[in-house]
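Here's a quick tour for anyone opening this structure for the first time. Have a look at the sequence and the model, then read on.

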Amino acid sequence: MLTRLVGLLFVFLAGCAQVPLRGTGDLGLIIERASGHVTLVNTSSRQPYARIGGLGDLSHASAVFSRDARYAFIFGRDGGLTKVDLLEARIVKRVMQSGNAIGGSISQDGRIVVAQNYTPGGIKAFDSETLELLAEVPAEYAPGSFSKVVGLADVPGNQFAYALFEGGEIWVSDFTDPKRPVTKRYPAGLQPYDGLVTPDGRHYLAGLFGEDGIALLDLWQPEKGSRKILEKYGRGEEKLPVFKMPHLRGWSVAAGRAWLPAVGRHEVLIADAATWKETGRVAVKGQPVFVMASPDGRQIWVNFAIPDNGWVQVIDTLTGKVVQTLQPGKAVLHMEFTPRGEAVWVSARDDNRVVIYDTKTFQTLGGFDVDAPSGIFFTSRAARIGF
Amino acid sequence: MRGLGLLPALLMLPALVVHADDQTALIRMVRQDCGSCHGMTLKGGLGTPLTPQALSEKPVESLIATILYGRPGTAMPGWKSMLSASDAQWIVSHLQEGFPEERR
């Protein structure tokens with residue numbers, strides 16, 4: 001009887017949604033790619049505080065945050081879009097928006113969440129409050145031909161920039177009227193595989209898989225069109241097998257330069273962020289996947305494709321040299337800096353572990369077990385362009 | 001999971017010679033690493049679907065060659081530095097039947 005009363009009391013309290021008052025600036029989530037769960041974490045205590053299931057196929061899942069940093073929008077591979085309340089640790093809303101998706105983004109004003117899809121190829125825009133469909137832009141680059149969409153990024157002016165893998169183009173869709181987006185097209189090159197926008201929102205870069213080089217669009221002067229940078233950086237010498245597509249998401253502009261993964265080569269390419277000319281290369285341990293700048297731009301952390309995915313290397317942006325080589329665990333998939341970068345969290349999928357490093361000393365600050373962790377996303381992304 | 005695979009040698013292989021430990025590693029590799037392009041459920045992503053419906057009619061030898069040597073002009077790399085011919089043969093036969101889930 002007492003148990004039942006306590007149970008009833010619990011239901012009653014839960015019904016009132018008694019959430020202790022707190023901010024969300026030190027919260028985040030970790031994707032558990034195999035089990036359809038996310039683990040919610042606190043970057044101050046360096047511990048998980050909740051785990052939520054029922055999110056579907058989360059392989060290659062990613063998350064963006066509402067501008068109040070309370071809600072996470074999680075884009076699953078199976079086309080599921082799930083809105084999670086970080087404070088109440090529950091799913092608020094979930095829709096199946098496509099057959100095969102690859103991530104998403106949130107608009108400058110925070111009102112529109114956009115998913116990028118492989119099948120059917122294109123983007124779809126949703127009201128961030130209700131997840132109601134607002135508009136879609138099919139990636140029909142030629143009559144009857146649809147492309148997979150990659151590299152979606154929010155850019156100023158409530159616009160989204162993205163690239164078409166088969167279509168070989170960069171598209172910019174303006175959602176000033178959320179139900180009637182206006183799209184402009186620019187040539188990119190052969191098989192763009194991912195994209196990023198610079199921290200100031202000015203330049204959109206699409207990495208090319210089918211040829212050496214990166215397509216660049218100046219969003220302040222789009223009428224000037226796109227151009228290619230870092231052409232012929234060397235993959236053409238001998239087409240190297242690429243065991244995992246590099247990812248361009250993440251701020252890789254630091255110390256006035258862009259730090260970019262070379263496709264296939266064991267190198268990080270450096271380009272001057274004013275002239276976009278190559279200024280150097282850094283030899284690294286394997287094929288880079290993520291090349292991520294710390295918030296202050298002093299360090300670049302790099303992880304690698306299989307079979308070198310047990311390593312992480314750190315480049316000092318002042319000297320352009322590798323200053324640290326770490327072995328966080330088996331199958332390192334992602335890294336995320338705390339908001340001001342005193343620590344970085346690293347996911348080691350095959351060790352079922354997240355490891356936390358001090359970025360100054362490179363010592364381990366802690367860690368905990370998570371089931372097949374992949375992406376790590378902190379709420380500090382809510383206030384960043386391109387995240 | 002080691003060794004340089006030679007396709008002609010494969011045709012002389014009497015049967016599947018992949019040990020249980022290696023099978024676990026292969027299942028993990030296909031689900032997780034092949035899955036990064038083909039999807040963890042193998043229904044496709046940047047890469048094509050690897051479901052029985054997609055593969056059962058395709059010739060075994062060409063599928064094995066695709067795994068070991070890649071497909072020029074596409075993002076599919078050759079995996080011969082990481083997989084032997086018998087590994088590739090094991091993967092192909094299991095993909096065509098419906099690939100096992102990882103034991104969790």
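This is a predicted model: local features need pLDDT of at least 70, side-chain atom pairs count only at pLDDT 80 or more; totals for chains, interfaces and linings use all residues.

## The largest cavity

Sorted by class, the largest cavity is lined by 21 nonpolar, 15 polar and 8 charged residues. Nonpolar here covers Ala, Val, Leu, Ile, Met, Phe, Trp, Tyr, Cys and Pro, charged covers Asp, Glu, Lys and Arg, and polar takes the others, Gly among them. That makes a lining of 44 residues, and those nearest the centre are His60(A), Ile102(A), Lys244(A), His247(A) and Phe290(A). Helix H2 (residues 20–38) of chain B provides the largest share of this lining, 5 residues. Helices are DSSP runs of H or I with at least four residues, numbered from the N terminus.

The volume of this cavity is about 680 Å³, and the model has 3 cavities of 30 Å³ or more. On a 1 Å grid over the protein atoms alone, a cavity is a set of points where a 1.4 Å probe fits but cannot get out, while a pocket is an open set with protein on both sides within 12 Å along at least five of seven lines; lining residues have an atom within 4 Å of a point. Points are joined across faces, edges and corners, and a volume is the space filled by probe spheres set on them.

## The largest pocket

The largest pocket holds about 760 Å³ of space. It is lined by 37 residues, with His38(B), Thr48(B), Leu50(B), Thr66(B) and Met76(B) closest to its centre.

Which helix gives the most to this lining? That's H2(B), with 6 residues. By class, the pocket lining has 23 nonpolar, 8 polar and 6 charged residues.

## Where the chains meet

Chain B touches chain A through 25 residues, which contact 25 residues of chain A (heavy atoms within 4.5 Å). Together the chains bury about 1900 Å², 55% of it on carbon and sulfur atoms; buried area is the accessible area (1.4 Å probe) lost when two parts are put together, summed over both.

There are 2 salt bridges across this interface, meaning a side-chain nitrogen of Lys or Arg within 4 Å of a carboxyl oxygen of Asp or Glu. Arg349(A) and Asp33(B) form a salt bridge at 3.4 Å, N to O.

Residues are numbered from 1 along each chain as its sequence is written, chains are lettered from A and ligands numbered from 1 in the order written, and side-chain values use heavy atoms, leaving out hydrogens and water.

Chain A averages a pLDDT (the predictor's confidence in each residue, from 0 to 100) of 93, and 94% of the residues score at least 70. Over residues 5–13 of chain A, pLDDT stays under 50, and the model has 1 contact beyond four places in sequence for that stretch.

How values were computed: Helices (H or I, at least four residues) and strands (E, at least two) are DSSP runs, numbered from the N terminus.
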